[in-house]
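Dear colleague,

Please find below the structure that I am handing over to you. My notes on it follow directly after.

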Amino acid sequence: MKCIIRIRGQVDINKGVGETLTRLRLGRKYTCVVLANPTKEQIGMIKRLKDFVAFGSIRKEVFENLIDARGQKIDKSKKIDSKKVIEDLEKGKSYESVNLKPFFRLHPPRGGIKSKVHFPKGVLGDNGEKINDLVLRML
């Protein structure tokens, strides 16, 4: 599962990059999207956005915490079981069919980040497994 977090804002963004961010549902700063089974087209989009987003592989327990803390229900009267949601998403179901909005709005990270520098010194680009620490700081 790939987790993508938009780090850079909306000012002075190229039209093509803005369109790609919109297609991935990353409309605002500190918005997160988790792709359970990314296609090669989605992976290409992520590579194009490496200067604007942080991405990496998210663990299941961190994804459960993300759903519990920041998951927004479409139908407010229904309950959500995070473990069942993850299983359904891995099987190929959409977020709408499991009663979740397809994005998560996060807080700015506690402890701060270097938002204009790539991964080893900052957070932009491919963070690998370190994305889990970033997500936990943003819940």
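S1 and S2 run antiparallel and are joined by four bridges; strands here are DSSP runs of E with at least two residues, helices are runs of H or I with at least four, and both are numbered from the N terminus. Two strands count as paired if DSSP finds at least two bridges between them. Within this pairing, Lys-2 has Leu-35 of S2 as its bridge partner.

The model is a predicted one, in which local features need pLDDT of at least 70 and side-chain atom pairs count only at pLDDT 80 or more, while totals for chains, interfaces and linings use all residues. Residues are numbered from 1 along each chain as its sequence is written, and side-chain values use heavy atoms, with hydrogens and water left out.

Strand S1 (residues 2-6) also pairs with strand S3 (residues 53-57), in the antiparallel sense and over five bridges. In S3, Ser-57 stands opposite Lys-2, and Gly-56 stands opposite Cys-3. These strands belong to an open sheet of five, ordered S4-S2-S1-S3-S5, with mixed pairing. Its edges are strand S4 (104-105) and strand S5 (125-128), each of which pairs on one side only.

S1 is mostly covered, as four of its five residues are buried (under 20% relative accessible area with a 1.4 Å probe, protein chains only; exposed is over 50%, and partly exposed lies in between). The largest nonpolar core has 28 residues, and Cys-3, Ile-5, Cys-32, Val-34, Phe-63, Leu-66 and Phe-104 have the most contacts inside it. Such a core is a set of buried Ala, Val, Leu, Ile, Met, Phe, Trp, Tyr and Cys residues joined through side-chain atoms within 4.5 Å. S1, strand S2 (31-35), H3, H4 and helix H5 (131-138) each give two or more residues to this core. Apart from it lies another core, of 13 residues, including Val-17 and Leu-49.

Beyond its neighbours within four places in sequence, Cys-32 is in contact with several residues, among them Cys-3, Leu-66 and Phe-104 (contact means heavy atoms within 4.5 Å).

Finally, helix H3 (residues 60-70) packs with helix H4 (residues 82-91) at an angle of about 115°, their axes being 9 Å apart. Axes are lines fitted to C-alpha atoms, for helices over the stretch in contact, and angles run from 0 to 180 degrees between N-to-C directions. Among the residues that make the contact are Phe-63 and Ile-67 of H3, and Ile-86 and Leu-89 of H4.

With kind regards
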